[in-house]
Amino acid sequence: MRTHSPQPPSRSRRAVLGAGAALAGGSLLAACSGDHSGPHKGTDGLDDGKNGMRHDGVPGGYVSPDGPEVIEAEKKRGANGTVRKFKLTAAATDLDLGGRTVRSWAYGDELPGKEIRVTAGDTLRLDLANHLPAHTTVHWHGLVLRNDMDGVPGITQRAVKPGGSFTYEFATPSPGTYWMHPHVGVQIDRGLYAPVIVEDPREPLSYDKEWIVMVDDWVDGVDGSTPDSVLAELHHGRAAASGHGSMDHGEMGGGEPAQPVTSGPPRVLTGARSRLLRGIAGDVDYPYHLINGCTPQDPRTFRAKPGDRIRIRFINAGGETAYRVALGGHSMTVTHTDGHPVEHATTDALLIGMSERYDVLVTAKDGVFPLTALAEGKNRTALALLRTGGGEAPGPDTRAENLDGKLVTANRLKAAESVRQEYRRVERTIDLRLTGSMEKYNWAINGKPYTPSQRYPVTEGERVRLSFNNRSKMFHPMHLHGHTFTLPDGGPRKDTVNVLPGSRVNVDLEADNPGLWMLHCHNIYHSESGMMTILGYRKS
């Protein structure tokens, strides 16, 4: 079994040491907009670019990702002058998953990659070196940051070429649990991910240890399979709707030649259904499910003492799987979701959609206990262990007995008073029908697969309502870059919301971060097939 060395109590408050370097040679995106005539809007509010189109096919009249409005918004975040420096290398490598070694891509030969830890108010500077055989970027999931650092190739930056480098630098004003991953093709379904923790300098929680738990579904390098071959199989051999073989989002060097599709065993899953997800649970038959990079055959072990108060930061890094998680023999107190505090709620289990995060507190009992992540509707599990004393470790097929106990989902939580959204009239509503089917694999928003010229216009200062209406038979974890939104009736502040089949979910946001921002399903195979679009801030 693998032992994870827990952090001492003081580490969650300390400054992080990183390796510094001079600004790397990656270039920022050239201006993406011009001042042209107003947009032509369809009935759903989509600017289809028929008016105000620039010569390069991009709608005009929108804030540029590196424009003066973006720079001004960054100044308002009030960085404290402290710069935390990190280096990161993305490269092909062999990964030991615990009894199975696979060839994949990862950050620094580790799975997950080493955590990035800063304190709210710091400026984060990371130098990315791309040693992959493909273009890549880093997206900072959940962080409210300047638009030109968001990591979306062809929209906010040029993709980093093989052998190239890029420096990400931005203020980090909001404490919380976040993570990082690429935004090119289906690279997120390889090993390219790592936790990003922004500590609160006035942390209100009291705890002795901290445990970061990243749950992931795994197919890459297993019997010849790759995420690209899975995508091709889902499309019955046809090209994905994005038309690039990668999520390049358009121009500016985001694309890359399609990766060779390696033959492997069939990976399309049929008959996976979940009552909690109200329908189809997924389309991909992943051979492994991991916690912190390890299979249940060789699980990670977190060590603590009986009575220790442990903060667990759950991150679902999966490409296509929702997880139900529980710690055997323990109840959990939910304190945060997607980095933001909630009114504390006690539960036995959590249902976590792709890219969601939950922070919980547990008081450790004496013994050894399974932390189980059940692949919802897929009947497979991931496993880690909490050990506070003697006893035989549970076997790989062990499931926490409280998985079927009291369950908390985001819609049952309330925002803490410190982050509760004040009442204000909604000034713009954007209707977003989530459409598509497994048979045709034609996932889209409002029946229109993604194109880089799409813009749903908003104006800085507006209260905007996103109205998600799921017309499909699958759930969709919808994620908005660069913002948080609130769920109805005093619900929590989040950046990702699970929209179940046949349901409508309204979320409200403040349009306070100018730029061009991706809005997409965080099922990577859905988004890469067309279920994504762009919220664009109009120039004033």
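Start with the charged pairs: the count comes to 30 salt bridges. The model is predicted, so read every distance below as computed from it.

**Stop 1: Glu-210 and Arg-117**

Select Glu-210 and Arg-117. Their side chains meet in a salt bridge, 2.5 Å from N to O. Glu-210 belongs to strand S10 and Arg-117 to strand S4 (residues 116-119), so the pair ties together parts 93 residues apart in sequence. Are these two residues buried or exposed? Glu-210 is buried, and so is Arg-117.

**Stop 2: Asp-338 and Arg-357**

Next, select Asp-338 and Arg-357. Here the side chains meet in a salt bridge of 3.4 Å, N to O. Asp-338 sits in the loop between strand S17 (332-337) and strand S18 (340-347), and Arg-357 in strand S20 (residues 357-363), so this pair ties together parts 19 residues apart in sequence. Check the surface at both ends. Asp-338 counts as buried, at 0% relative accessibility. Arg-357 also counts as buried, at 0% relative accessibility.

**Stop 3: Glu-510 and Arg-424**

Move to Glu-510 and Arg-424. Their side chains meet in a salt bridge, 2.7 Å from N to O. The pair links distant parts of the chain, 86 residues apart. Glu-510 is in strand S32, while Arg-424 is in the loop between strand S23 (407-408) and strand S24 (428-435). Arg-424 is partly exposed, with a relative accessible area of 29%.

**Stop 4: the sheet around S32**

Stay with strand S32 and colour its sheet. Six strands make up this open sheet, in the order S25-S24-S27-S32-S29-S30. The pairing is mixed. Which strands are at the edges? They are strand S25 (444-445) and strand S30 (493-494), and each pairs on one side only.

Zoom in on strand S27 (residues 463-470) and strand S32 (residues 504-510). They pair in the antiparallel sense over seven bridges. Pick Arg-463: opposite it, in S32, stands Glu-510. Glu-510 is the residue whose side chain meets Arg-424 in a salt bridge.

**Stop 5: a buried arginine without a salt bridge**

Go to Arg-387, in strand S22 (residues 380-387). Side chains of opposite charge can pair when their charged atoms come close. Arg-387 is buried yet has no salt bridge. How far away is the nearest side chain of opposite charge? That side chain is Asp-366, 8.4 Å away. A salt bridge needs a nitrogen-oxygen distance within 4 Å.

What does lie beside the Arg-387 side chain? A polar atom of that side chain is 3.1 Å from the backbone oxygen of Gly-391. Show the contacts too. Not counting residues up to four places away in sequence, Arg-387 touches Thr-301, Phe-302, Arg-303, Ala-304, Gly-367, Val-368, Glu-392 and Ala-393.

**Stop 6: the nonpolar cores**

Turn to the largest nonpolar core, which has 118 residues. Which members touch the most other members? They are Trp-140 and Leu-466. Strand S10 (residues 209-218) supplies the largest share of this core, six residues. Strand S10 also holds Glu-210 from the opening stop.

Centre on Trp-140. Leaving aside neighbours within four places in sequence, its contacts include Leu-124, Leu-126, Leu-145, Met-149, Tyr-168, Phe-170, Trp-179, Met-180 and Val-196. Asp-150 is in contact with Trp-140 as well.

Another core, of 15 residues, lies apart from the largest one. Select some of its members, among them Leu-277, Leu-351, Met-354 and Phe-475.

**Stop 7: two loop residues**

Select Gly-78, in the loop between helix H1 (68-76) and strand S2 (83-96). Gly-78 is partly exposed, with a relative accessible area of 48%. Its C-alpha atom is separated by 7.8 Å from that of Ala-171, 93 residues apart along the chain.

Then select Thr-270, in the loop between helix H2 (227-234) and strand S11 (273-274). At 65% relative accessibility, Thr-270 counts as exposed. Thr-270 and Asp-283 are 6.4 Å apart, C-alpha to C-alpha, and 13 residues apart in sequence.

**Last stop: zoom out**

Show the whole protein. It has three helices and 34 strands. Of its 540 residues, 63% count as buried. Among contacts with a separation of 6 or more, 77% come from residues 24 or more positions apart.

Notes:
Residues numbered from 1 in each chain as written. Predicted model: local features only at pLDDT ≥ 70, side-chain atom pairs only at ≥ 80, totals over all residues. Heavy atoms only, no water. Helix = DSSP H or I, 4+ residues; strand = E, 2+ residues; numbered from the N terminus. Buried < 20%, exposed > 50% of the residue type's maximum accessible area, 1.4 Å probe, protein only. Lys, Arg positive; Asp, Glu negative; His and termini not counted. Polar contact = N/O pair within 3.5 Å; in protein donor to acceptor, adjacent residues only side chain to side chain. Contact = heavy atoms within 4.5 Å. Core = buried A, V, L, I, M, F, W, Y, C linked by side-chain atoms within 4.5 Å. Pairing = 2+ DSSP bridges.
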